[in-house]
Amino acid sequence: MAQKRKAKDAFGAPEGVLSAFAAARLKRADQEAAGVSPALAEEVATTPYDGHHSSPGASTRVSRGGSPNDAVEENVRLPPPISYRTNHLNVVDDDAESMTLLLGINEIACIAGEYDVTILDGAATIYGFLLRPESGVQRVYAPSTHALPVITARRGPTKVCLRSVKSSLRTLERLSPVFRNIWTADEKERSFKLLQTSSENSSQRPLSILDTDDASQGILTQIAGRVNERDGDLRVITLGPKSSGKSTFNRQICNAIAARTPKKRCLYLDLDPGQPEFGPPGQVSLVEVRAPILGHAFTHPASKKSKSYRLLVTNTLASTSFKDDPEHYIACVRDIMVGYRARVQGKDAQPLIVNASGWVTGLGATVMIDLLDVLGITDTVLIDGDYPLLAGPAREKSEVFYKLPRPPARPSSRTPAELRTMQMMSYFHSQASSVPRWTAKPISSLKPWLVSYSATNPGIHAIVSYGQAVPPEHLSEILDGSIVAIISIDISTDTTAQELLPMVLRTPNGLPYIPAPPSGYLVPLDPGQTTTHSLALVRAIDPEMQTLHLITPLSESEIAGLMERRVMLVRGNFDSPDWAYLEDLYSDETKDAGKKEVAEGKRPWVRLREEVGVEGGVWRVRHPPMAGQISG
Amino acid sequence: MAKYTITPWRHHSDLLTVRSQLYSPDPILRQTAVSRTMAWKLRGNLPHAVESTALLVDAFLHHALPSNSPFSIRAVYSAAFTRFVTGFCDIGRNRERALEPSSMLEIARQIGMPAEFVALRHEATHEDLPSVQRLVAACEQALEWLWDVYWSKVDAVAVVVAKQAEAVDVAHVTVEARRVFRDFRGARRTALKKQGTHSQEARLVVTEAAANLRSLCSNRAEATETAIAVLVADELLYPSERELGAPLGGAFMIWDDLLIDITDKSPSSLRVLTKTMFNRMISPAITRTTSDIGSDALFIWLAHIASSEAVLPSARALVVSLGHGVAEEQP
């Protein structure tokens with residue numbers, strides 16, 4: 001008689017997977033009886049132990065060791081979601097593209113999303129910037145990753161016009177989940193949404209409101225006043241622990257100066273390599289600010305060509321923290337200050353706003369105290385907190401100091417590592433132009449700069465490693481797909497070049513590198529003799545043609561200019577550009593093909609995380625509830 | 001939503017190479033692997049188990065050099081061991097997210113790490129450095145434990161992932177192939193009726209369908225088998241209202257060109273097609289009420305294939321031999 005065929009046999013069901021799981025589950029049942037979870041052991045074994053991979057819960061625990069990864073102080077309780085009622089909001093005009101509001105004096109409007117704002121009548125402040133009809137059109141970015149700025153009418157009645165925009169920044173959401181679900185649209189498909197209460201937001205994101213309270217406003221007015229008195233000769237720094245609102249307040253200082261002083265511009269010294277305001281992580285820079293700052297860092301990268309935020313000088317640390325080489329960090333800052341002083345001779349004085357890192361204890365404090373002398377600070381804003389080691393000297397060294405209470409902790413929907421990713425992506429995807437523009441083409445489809453490293457006609461003279469030295473036989477493996485900084489020395493000052501460049505050696509693959517001395521550690525190049533140009537991603541190394549394929553936001557003319565100098569690449573402790581490897585896998589057009597490639601093991605450095613499945617689920621259910629679920 | 005992880009090694013085979021080198025008896029290979037792992041560490045995303053193994057192996061290599069002082073030998077063993085234990089417990093505690101963070105011993109118990117490891121780490125940190133023989137024994141035990149917990153599972157991961165990729169594909173291929181065949185049948189019928197057998201339009205329908213199938217299966221044997229199985233199982237090769245014994249001239253006109261195209265590009269598919277037809281012919285599924293009619297039709301198809309020597313050389317021999325094979329399988 002004919003045998004019965006099962007559908008499985010005819011169609012080739014994946015029975016291998018099922019039975020493997022089933023067998024494993026049986027084995028696990030025994031172990032779980034003993035309270036042991038091998039799935040947990042395996043999960044732990046595969047996690048990197050490098051301080052970047054802790055779960056969100058960990059950051060609220062006690063950790064006051066003065067390490068740069070410390071979060072907010074102990075036991076900070078998050079406030080209940082803010083319910084902010086805006087009274088008598090008068091919507092005067094409401095069409096497909098724009099909305100006009102009429103606000104009485106001191107009334108506020110809170111808007112999420114991105115929009116262009118114009119004042120038709122009266123005056124209002126946003127982010128500390130005074131808007132008037134003469135201010136023209138200003139672009140505001142208010143993603144849900146951070147507190148939303150409010151528009152406060154300073155004169156009544158004030159007519160505010162909001163216009164929907166389609167910025168190219170939004171298109172980055174095609175390339176990574178970190179950029180998703182942070183913008184908004186209202187019922188008319190405009191790019192912004194007028195919020196009246198925090199709970200009105202449909203997608204349940206934790207939103208909070210940024211408003212300039214009276215204490216802050218008072219300090220801003222005083223600082224602007226002193227700038228006018230001293231004719232621009234003012235250097236102000238804001239100090240405080242991590243996440244205490246330093247960068248937000250610095251933005252407001254810039255905006256207050258832009259609005260209330262005749263020259264309307266200031267210089268911004270970005271000293272926090274982990275969370276810079278105007279550039280990618282890993283460097284310190286000086287930026288000329290000529291327009292108000294109306295959004296978070298990733299919405300306004302600075303460049304040499306930008307009209308609003310012009311990059312003047314930058315020095316790379318090749319690391320997101322200065323903890324491994326504080327001397328080099330101080331040397332970089334010193335070099336920038338030399339440039340600053342040359343710039344502001346005589347009548348051209350411009351106020352300097354300094355953005356410090358939130359590391360106010362331990363080594364961070366010691367380094368900052370040294371820097372205060374280098375910077376010549378005149379005004380210091382101290383945010384409330386427990387850091388006597390730094391607060392004392394800071395008060396003494398400056399002419400005036402102000403005290404600012406600490407704002408309530410705001411939950412951010414992005415971790416610091418995710419924010420650094422957003423900043424890097426914003427940097428690499430920005431196109432050099434006078435107004436900010438971004439391209440949503442994945443990195444893999446951008447045209448790389450092919451530069452030779454051969455001895456006969458080098459475009460790149462050497463690869464330098466800051467920080468931990470690398471055995472030359474592995475340099476190629478480490479460099480491939482990683483981020484480097486492009487620096488150069490001026491060839492015309494020949495003697496300096498000769499002194500500066502010790503002998504360049506070649507790795508087995510032919511890559512030129514500067515070897516570390518027997519100490520195992522190379523002293524970084526003097527920032528006074530080198531110029532940092534930009535970052536680059538090493539897309540490929542071609543040993544046959546002896547060329548490197550680099551992706552960089554530099555324009556073609558800037559690259560051409562580089563070739564007249566002696567160019568080197570600096571590698572160090574930049575964050576691994578995981579986002580770049582994954583762009584294709586998130587972009588709609590290529591994600592299916594990409595996933596197939598990963599499953600077949602054809603995509604370098606990427607693999608699919610195996611389904612932990614039931615085992616993982618069971619283990620989590622068994623655990624006691626998370627701290628956040630227990631009230632009181 | 002697929003979840004991806006980034007590894008510092010380019011290909012999975014690199015990890016397997018390092019595994020065999022770290023656990024090999026040859027010190028030169030071990031040194032190479034340690035050096036490479038430390039380079040991976042600089043890239044970031046290095047799993048703690050890999051780092052721990054390399055540090056422990058490095059401690060053994062350090063011990064083997066007579067020029068190193070006894071203190072430094074104990075110190076290197078202690079440092080490697082301490083980092084290994086502390087790392088596992090810290091990461092385990094982070095995963096926990098409980099109200100009261102558990103002690104290291106408790107975490108160790110949950111992940112199956114021997115309690116003596118935690119005790120030795122405590123001693124090395126807070127008391128005298130343990131003696132070298134204790135450290136050697138503990139580090140050897142640690143390497144074995146790491147093998148059990150991580151390295152032995154590294155192949156399995158690759159296999160599971162590959163299987164998952166295939167598993168997903170089969171369902172997808174079935175659905176897509178069904179769609180392609182049905183669309184083809186409809187379009188071809190219309191073209192043949194309107195323009196005739198050798199018209200360009202009719203030919204175009206064939207080319208398009210063949211291209212679709214090719215991109216769907218992309219040269220993978222299992223995918224091709226699945227598609228052919230759909231063709232046969234869905235009874236697409238003969239009209240649904242057919243009478244027993246009726247000729248299949250129309251069906252041949254519809255399907256011949258496509259089948260020739262497929263088997264031409266992929267020789268094994270002819271074998272698969274024939275075998276599938278045979279199997280279906282002789283073992284109808286329970287639900288089918290028209291089993292005889294279907295089997296009858298398939299029989300005629302097989303005869304048709306066997307007699308197509310002109311376009312499909314060796315088809316006859318294939319059909320005959322497969323037929324014999326199938327007959328032999330029957331009880």
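Strands S11(A) and S16(A) run parallel and are joined by 4 bridges; within this pair, Ile237(A) has Thr380(A) of S16(A) as its bridge partner. Strands and helices are DSSP runs numbered from the N terminus, with at least two residues (E) for a strand and at least four (H or I) for a helix. Two strands count as paired if DSSP finds at least two bridges between them. The model is a predicted one, in which local features need pLDDT of at least 70, side-chain atom pairs count only at pLDDT 80 or more, and totals for chains, interfaces and linings use all residues. Residues are numbered from 1 along each chain as its sequence is written, chains are lettered from A and ligands numbered from 1 in the order in which they are written, and side-chain values use heavy atoms, with hydrogens and water left out.

The S11–S16 pair belongs to an open sheet of 7 strands in chain A, ordered S14-S13-S12-S15-S11-S16-S17 with mixed pairing. Strand S14 (309–316) and strand S17 (400–404) of chain A each have a single partner strand, so one side of each edge strand lacks a neighbour in the sheet. On average, neighbouring strands of this sheet are turned by 15° against each other, direction ignored.

Two helices of chain A are described against this sheet. H7(A) packs on the sheet and touches S11, strand S12 (266–270) and strand S15 (352–355) of chain A, its direction making about 165° with that of S11(A). H8(A) lies across S11, S16 and S17 of chain A and runs at about 155° to S16(A). Axes here are lines fitted to C-alpha atoms, for helices over the stretch in contact, and angles run from 0 to 180 degrees between N-to-C directions. A contact means heavy atoms within 4.5 Å. The buried residues of helix H8 (residues 388–397) of chain A are Leu390(A), Ala391(A), Gly392(A) and Ala394(A); their cover includes S11, helix H7 (362–375) and strand S16 (379–383) of chain A. Buried means under 20% relative accessible area, exposed over 50%, and partly exposed in between (1.4 Å probe, protein chains only).

| Residue | Phi | Loop |
|---|---|---|
| Ser243(A) | about 55° | between strand S11 (235–239) and helix H5 (246–260) |

Ser243(A) is exposed, at a relative accessible area of 59%, whereas Gln546(A) is partly exposed at 22%. Another loop residue, Ser587(A), is found between helix H13 (578–586) and helix H14 (591–599) of chain A. Ser587(A) is buried, with a relative accessible area of 3%, and touches Arg174(A) and Leu175(A), residues up to four places away in sequence not being counted.

H10(B) is mostly covered, with 10 of its 13 residues buried. Just after H10(B), Glu235(B) takes a positive phi of about 60°.

Confidence in chain A is given by pLDDT, the predictor's confidence in each residue from 0 to 100. The chain A average is 81, and 80% of the residues score at least 70. Over residues 6–20 of chain A pLDDT stays under 50, and the model has 13 contacts beyond four places in sequence for them. Residues 55–87 of chain A also have pLDDT below 50, with 49 contacts in the model beyond near neighbours in sequence.
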